[in-house]
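Reader: I am new to reading protein structures. Could we go through this one by question and answer?

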Amino acid sequence: MEDFLANPLNLLIFTPAIGALVVAALPKGQNQLARWTALGLSLIPLMIALGLFFAIQDMQANDGGFYYEYTTEWFPQIGASWHVGVDGVSVAMAILTAILTPLSILIAFENVKNPRAILALILFLETAMLGVFLTLDMVAFFIFWELGLVPMYFIINQWGGENRAYASNKFFIYTMAGSLGLLLSIQLMAFSVGDIAGLDTPTFDIQTWYEQWPGYEGGEDGEILGVNYSNVKYLAFLAFFLAFAIKIPIWPFHTWLPDAHTEAPTAGSMLLAGVLLKQGAYGFIRLVIPLFPDIVAQSYTPVIPVLGTELDFMVLDFATILAFLGMLGIVLGAFAAWAQDDFKKLVAYSSVNHMGFVVVGIAVMAVVYSTVWAIDNEDYVLALDAGNHALVDEDIEEYGDQAAAAYGFSSPATTIEDMTAEQQQLLARYKVEAVLELDTTEEGRHTGTLQDGMVALNGTVLQMFNHGLSAAGMFLLVGALYHKAHTRDLRRFGGLWHTVPAFSALMVFTSMASLGLPGLNGFTGEWLIVAGSFRLFPILILLSMIGLLLTGAYILKGIQKELQGPPNQEWIDYHENEHSLEVNLREMIAMAPLVALMLLTGVYPNWILEVIDSTVSSIFGMV
């Protein structure tokens with residue numbers, strides 16, 4: 001037990017849960033005591049997370065790329081262990097979680113209905129969120145993944161708006177539906193990997209999965225449970241994809257998000273947008289792409305149903321499809337936000353818009369990771385498929401002589417289909433170096449596509465962190481005004497700048513950060529994603545700029561309708577005679593760290609980017 005408590009990751013995960021029990025056990029009616037106790041206890045995980053962040057900068061990661069790794073027996077009968085570890089990606093998410101939790105608790109002070117319960121639920125939710133980011137065992141990962149649904153469901157259902165029952169049920173059903181396939185796939189993979197490793201039990205250790213599952217080709221007959229291994233792996237991949245796509249959410253799996261955001265209380269919206277959405281993106285980075293590079297790399301030719309006609313001109317791969325969905329999220333999310341007159345729903349759709357950039361960055365990671373994995377396994381044909389540069393007949397004439405000189409390629413064939421598998425691999429190896437600019441020797445791969453992948457993945461993780469800050473800030477301010485004015489209808493406002501200057505200044509600052517104004521945090525992540533994605537997906541990136549333009553339109557619409565124009569006499573009278581609309585001290589304190597971090601990350605992103613980059617290099621290096 002002493003060894004368990006000596007590990008800071010274990011303390012970080014379980015301290016909020018202990019805090020939740022303490023708050024829940026406080027005497028009924030002691031609301032102020034519950035509020036301040038919850039706030040004080042929420043600062044302990046924040047201090048631990050900050051300590052971890054600074055500590056790992058002076059440490060050397062282990063062979064797996066993790067720090068403070070801890071493993072002990074948990075359920076040995078089923079092969080599950082308690083295995084935790086932190087790296088640059090997970091520590092960024094842990095810090096984000098630890099920062100937003102006390103701020104959301106501070107905002108939850110305004111909830112007068114059973115405050116002990118909502119505060120305890122927020123603390124319990126923090127444990128679930130941290131567990132997802134820090135665990136390295138799939139049983140624990142899935143438990144924490146599902147546990148996060150419960151407190152958020154009750155936060156929306158009990159403290160939400162008029163349609164809270166509908167929104168909470170929709171949120172729960174959507175995310176639970178995605179998790180069912182994930183659970184079945186986890187069990188299948190655990191038994192398969194345990195069999196590969198020669199164990200008497202299944203194994204749920206993620207690092208063991210990294211080593212064994214990607215190259216697994218079934219048993220001696222090439223089957224898993226009597227089915228061709230490639231079909232089984234493809235179905236498992238789809239289950240993982242669906243679970244995490246719903247959580248991000250990727251368009252068109254996003255329809256639960258506006259309802260949940262709009263009906264949730266302000267504290268719930270801050271954590272939902274700030275942290276819970278990032279769990280889906282984290283799942284892609286940590287699990288989907290590293291575990292299924294062979295599936296990700298494959299190209300597919302669409303077939304018209306019934307007719308059976310192949311559309312040879314439209315060869316697709318997972319990364320291109322993912323980037324396309326990300327582009328649609330950027331553009332359609334911006335259009336949807338622009339159309340809203342409910343300010344909170346506008347901010348909710350902006351999350352679909354901004355997370356679209358994260359999806360595009362993940363698509364770049366998918367291309368580069370699967371390409372490098374295929375090269376390391378000397379499957380150069382698959383590497384070209386991953387980069388959407390499949391061998392074609394014209395390559396024989398274009399690269400044949402150079403491939404002959406470099407690798408001894410020789411074939412009288414004039415078509416790819418007539419060549420042997422070995423000849424295809426030799427020709428493909430040269431094309432990999434010529435087109436993808438990837439060195440196929442052990443020394444290299446520090447140019448071209450790999451650089452794009454590292455830039456885009458750095459931007460993806462940074463954008464996850466940045467969006468957590470700006471989205472939480474926007475929901476905080478929208479909720480602060482709604483709590484006093486009891487309306488979010490932009491058509492009723494106007495001219496508030498003259499009445500509430502402090503609120504207006506904070507709203508403009510946070511809106512500009514969300515917009516991506518250079519010098520503020522929203523710019524740095526999106527810039528890196530676009531820079532790393534452009535060579536791989538130039539058309540999709542150009543189309544996504546429509547969404548970027550519309551982002552400016554809906555942000556300026558919100559500012560114009562709420563703050564600008566002549567003074568609104570209705571709200572002047574309300575402000576002076578009924579209830580002040582200005583931000584109060586509690587709300588100002590909650591906004592202060594968000595404003596500081598948005599400015600710091602915009603001016604000097606390296607304070608966190610260097611830590612992220614160390615892990616990004618490790619991710620591509622572990623292939």
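Reader: Is Asn521 buried or exposed?
Author: A caution comes before the answer: this is a predicted model. Asn521 sits in helix α21, which covers residues 521-533. Its relative accessibility is 0%. Buried means under 20%, so Asn521 counts as buried.

Reader: Which residues is Asn521 in contact with, leaving aside its neighbours within four places in sequence?
Author: Contact here means heavy atoms within 4.5 Å. With the sequence neighbours set aside, the list for Asn521 is Asn466, Leu469, Ser470, Ala513, Met598, Thr601 and Gly602.

Reader: Now Tyr234. What is its relative accessible area?
Author: Tyr234 lies in helix α10, residues 229-247. Tyr234 is partly exposed, and its relative accessible area is 32%.

Reader: Which residues touch Tyr234, beyond its neighbours within four places in sequence?
Author: Val478 is 244 residues from Tyr234 along the chain, and their C-alpha atoms are separated by 43 Å. Leaving out neighbours within four places, Tyr234 is in contact with Ile295 and Tyr300.

Reader: How many residues of strand β2 are buried?
Author: Strand β2 runs over residues 80-86. Ala80, Trp82, Val84 and Val86 point one way, while Ser81, His83 and Gly85 point the other way. Residues on both sides are buried.

Reader: How do β1 and β2 run, parallel or antiparallel?
Author: Strand β1 spans residues 67-75, and six bridges join it to β2. Thr72 stands opposite Trp82, and Glu73 has Ser81 as its bridge partner. The two strands run antiparallel.

Reader: Which residue in the turn between β1 and β2 has a positive phi?
Author: β1 and β2 form a hairpin, with four residues between them. The phi in question is about 85°. The residue is Gly79.

Reader: What is α11 relative to α15, oblique or roughly antiparallel?
Author: Helix α11 covers residues 256-263 and helix α15 covers residues 343-376. Their axes come within 9 Å and cross at roughly 140°. Roughly antiparallel needs an angle over 145 degrees. So α11 is oblique to α15.

Reader: Which residues of α15 make that contact with α11?
Author: The crossing of α11 and α15 is right-handed. From α11 come Leu257, Pro258, His261 and Thr262. By class, the contact has five nonpolar, three polar and two charged residues. On the α15 side, the residues are Lys344, Lys345, Ala348, Tyr349, Ser351 and Val352.

Reader: What is α15 relative to α22, oblique or roughly antiparallel?
Author: Helix α22 spans residues 538-563. Its axis and that of α15 are 11 Å apart, and the packing angle is about 155°. Angles over 145 degrees count as roughly antiparallel. So α15 is, relative to α22, roughly antiparallel.

Reader: How many charged residues are in the contact of α15 with α22?
Author: This crossing is left-handed. The α15 side includes Phe343, Leu346 and Phe357, and the α22 side includes Ile541, Met545 and Glu562. The contact has eight nonpolar and six polar residues. The number of charged residues is one.

Terms used
Residues are numbered from 1 along each chain as its sequence is written. This is a predicted model: local features need pLDDT of at least 70, side-chain atom pairs count only at pLDDT 80 or more; totals for chains, interfaces and linings use all residues. Side-chain values use heavy atoms; hydrogens and water are left out. Axes are lines fitted to C-alpha atoms, for helices over the stretch in contact, and angles run from 0 to 180 degrees between N-to-C directions. Angles under 35 degrees count as roughly parallel, over 145 as roughly antiparallel, 65 to 115 as roughly perpendicular and the rest as oblique. A crossing is left-handed if the near helix is turned anticlockwise from the far one by less than a right angle, and right-handed if clockwise. Ala, Val, Leu, Ile, Met, Phe, Trp, Tyr, Cys and Pro count as nonpolar, Asp, Glu, Lys and Arg as charged, and the others, Gly among them, as polar. Buried means under 20% relative accessible area, exposed over 50%, partly exposed in between (1.4 Å probe, protein chains only). Two strands pair if DSSP finds at least two bridges between them.
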